[in-house]
Amino acid sequence: MAATASSCKVLSQRNCLQIRGAACVGLFNFRGSSSVRLPYCTHTSGMQDLPSSKRRSRGPVMAAKKGSAGAEQDGKYKDSVNLPKTEFGMRANSLSREPEIQKLWEDNQDAFILHDGPPYANGDLHIGHALNKILKDIINRYKLLQNYKVTYIPGWDCHGLPIELKVLQSMDQESRKQLTPLKLRAKAAKFARETVKNQMASFKRYGVWASWEKPYLTLDPAYEAAQIEVFGQMALKEYIYRGRKPVHWSPSSRTALAEAELEYPEGHVSKSIYASFKVVDLSSSSRGLLEEFLPNLCLAVWTTTPWTIPANAAVAVNAKLNYAVVELLPPEEAVLVSPANGKRRYGRILGELKKPNIIVASDLVETLETKWGMKLLVKRTLLGSDLENCKYSHPIDKRECPVVVGGDYITTESGTGLVHTAPGHGQEDYVTGLKYKLPIFSPVDDDGNFTAEAGQFCGLNVLGDGNMAVVNYLDESSSLVIEEPYKHKYPYDWRTKKPTIFRATEQWFASVEGFRQAAMDSINKVMWIPSQAENRISTMTASRSDWCISRQRTWGVPIPAFYHKLSRKPLMNQETISHIKSIISEKGSDAWWYMTIEELLPESYRDKASEYEKGTDTMDVWFDSGSSWAAVLQKREGLDIPADLYLEGSDQHRGWFQSSLLTSVASRGIAPYSGVITHGFVLDEKGFKMSKSLGNVVDPRTVIEGGKNQGESPAYGADVLRLWVSSVDYTSDALIGAQILRQMSDIYRKLRGTLRYLLGNLYDWKAENAISYNDLPMIDKYALFQLENVVKNITENYDKYQFFKIFQIIQRFVIIDLSNFYFDVAKDRLYTGGLTSYTRRSCQTVLAAHLLSVVKVVAPILPHLAEDVWQNLPFPIANEDGSIAKFVFESRWPALNEQWLDLPSDEVHIWSKILELRTEVNKILELARTEKLIGSSLEAKVYIHTPDANVARKLRQMSEAANDADSLHRIFITSQAEVVSSLDDIPSEKIPYTGEYVIQESDNNNKVWIGVSRAEGSKCERCWNYSIQVGSFTEHPTLCSRCYKVVGVEPVTELAAVS
């Protein structure tokens, strides 16, 4: 074969050692070097044929089988049939073979490192972990074959409440009481390391390549020190500050939470109320409008958190909205009704003789009439700006509170258009409170109970009896209009699965406003897949409030702050931070708990150590993982920032993607990544979320190793799981279940069968046997054209990370283009055309190209299968530098061969017509078989007639082809094929089965007529083709001329497979 642009080159046979008689192959150039003996490289064994179309005669194969089994037919020529031979089994034996292959990689693997998003080290892996890690591995392996120096370091998030809770749950109440911070931290670290070990073993079993011996753990001292450094850089730039403001607080965990630590389950029902606050004083702009309604005028507010009413400091309005004074005209049946049955409860105020006039937004009057079930009679209208600085009496403690103007968050989409404002319990309320210097009041403790500041409600839980007590008090004081249940999404602690509250506490914050624009600019420079991910993270970043980075937990990296015992002013500067960093880098973060203040403070402050105490807050775990760019990319040898790619689930837009972005931009001014890929969640086959209660959980370990009932849950192996990953469009949610896995297993089996067919038919292949491209038959050039287009399309989709399209291309190519056509047609010349014949060698030239290309393009997805094939190659492969590729990932990605792609367009077009014609011929052959005219297709002769001159000329050339491979009857797998000029000369009784079809895209939509009759002549004993020449040769009277030449030229040797 002529020289190609392949990335592999062959070794010269003269200068290389022989491996069981096989020269090194590089598709198919020659190069001087020595080869080495490949493990598992074998050449002789029995093998059954690849299943193919039922119409194809199995003659030579069956003859060999019958002969070897000692059947009645002696199989005189069975040993001259060149059946496939390979030790590559049709069964994957994945339970034993995949671990063997993984050990082969481990024993011969160089450094292999890339940045990874850390999963929590707090439990077993689930199918989402498998999707994530396998996607990363597919990309890494592809890049490796592309000759990139791939660096992949797996990481684990080892701090935080999830691990702390696991430790506490494993202990009884008495043991918990004995826990000191250091004992808890020791147990948490031990648990995390054990979990990392278990998760790592599972990731390895998925076939994931990584630097497993040098992972990064967020509990490692070097990592913690790098995190302290990032914190210090942000603090010194004044992006870190301590303040009292409302944060998400989890009473069940007794700590502040970040937005990324919340979840919003469906079905939460809150106790919502409409309440009235009595107006006691008017502003100058409203006096003339509202004075006549005093003292019987109230402001109507709506809230789903009645427990925040004690902390109320103002009522906010929208200055631009119109408001109305309305008189309540309740129906006679408006009586006290318990809301326990989902009904509304009317307040006592509606039963009073003199009902108040209430102020609501004008646009909400009709809506409120419907919601409240009563008529609202409008008495007066005014602008929201007129209400500013009015005063009302607090419904509980009777202090005077102002009406203030809020922001655009006040709308007429819900509520009353007036917003109950408690700066200690809401972010928007807090911002409004700062504007008007309102008190930040939050009478709630760490457990979610009212404090003494809440007066009569002290000790009650705000999410329970405290909430109800406030509602009842409002009703008794004639401030409750209506109470009703309200179903909505409400923030829950994602770990304890319990509701959270908004509560003002002293916390450490990252001032996102200080570097928000820089973060937004960085987002625009990143490649986002899918593209809509950019809008998602941009929206989140643009609207997010300051990041609460402190947590009231023990297991974590300490915030390196000291507090003056009297003033409570924090001590934190470059000197103190650097000193703490140096201590932690050497001793780990435990040092913060066991070292004294004198030891923790730098020398210049030690004389004042008695005046300070160390803080007890730890950092948000998102700050931990968000610092991985500093601890890994900046610190590990050979790495740098930004990383080429981050790849995680879509929930990480508010998690790791964002925390990494914020810390990196705040510290260095750039994003830590050049590209970001997000994937969806994994659901069951019906699209439902997986849960143990539904029994629809798919465990990746069970997929690989099988379940207790192997009949219901067979062991598919890691490659079938990986094939499933490649099959889904990961940019949306992915489905998996028993039926889908069976489909994947079937596709895997067909692909494995294809590769086995290729191996088996190349058992005697040597590079010097290659036929040059210009000398190849037309069918072989077309096969290479198809192959190269497939490789080109697959490469493009790997580059675009569109693996599901690769899956579709491979599936279509293997099953249709190869198995159903080329392989089916090729068997005749491979098995019976003669061991050293031109047609067999040309076919082997094409098969070798297919084998090497297919095994490489599937290797990133199915590495175990690819390696298994590679270890069974009947010839070694050399790279461009002359080195032997002992493993598939030591080879290189198939280089594009422009010559193979440059097949003339008219040739491509005619082959599309031939394949179209072949499909129609098969229909008539099937009809003849059904009517018992023929058995196998080799018993038939096909007649073709078409008025399309171009098609007819090409078909006639093929029917008279000089080489047997391009012969028309070989394409049809019949014994004869004839192109007739006219139908008038053929009597209809000679051709009993006919049909016709219209040639698509032909001139005048010309038709093709097809006829089928019994083949002429007798059946050849060796190849089972029918020929009039059978009986013409005295020495071999049962052979056709082709088989006579083969048998006459080639001595009969033991070439056939033994079943």
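**Close-up views of a predicted model**

**View 1. Pairing of β34 with β35.** Strands β34 and β35 (residues 1007-1014) run antiparallel and are joined by 6 bridges; strands (E, at least two residues) and helices (H or I, at least four) are DSSP runs, numbered from the N terminus. Within this pair, Glu996 stands opposite Trp1009 in β35. The structure is a predicted model, in which local features need pLDDT of at least 70 and side-chain atom pairs count only at pLDDT 80 or more, while totals for chains, interfaces and linings use all residues. Residues are numbered from 1 along each chain as its sequence is written, and side-chain values use heavy atoms, with hydrogens and water left out.

**View 2. The open sheet of 4 strands.** The strand order is β33-β32-β35-β34, with mixed pairing; two strands pair if DSSP finds at least two bridges between them. Because β33 (976-979) and β34 (993-998) stand at the edges with a single partner strand each, one side of each is left without a neighbour in the sheet.

View 3. Asn797 belongs to helix α24 (residues 778-799). Its relative accessibility is 9%, so Asn797 counts as buried (under 20% relative accessible area; exposed is over 50%, partly exposed in between; 1.4 Å probe, protein chains only). Not counting residues up to four places away in sequence, Asn797 touches Gln802, Lys805, Ile806 and Ile809, where contact means heavy atoms within 4.5 Å.

**View 4. Contacts of Trp911.** Leaving aside neighbours within four places in sequence, Trp911 is in contact with Met778, Ile779, Tyr782, Phe821, Met958 and Ile971.
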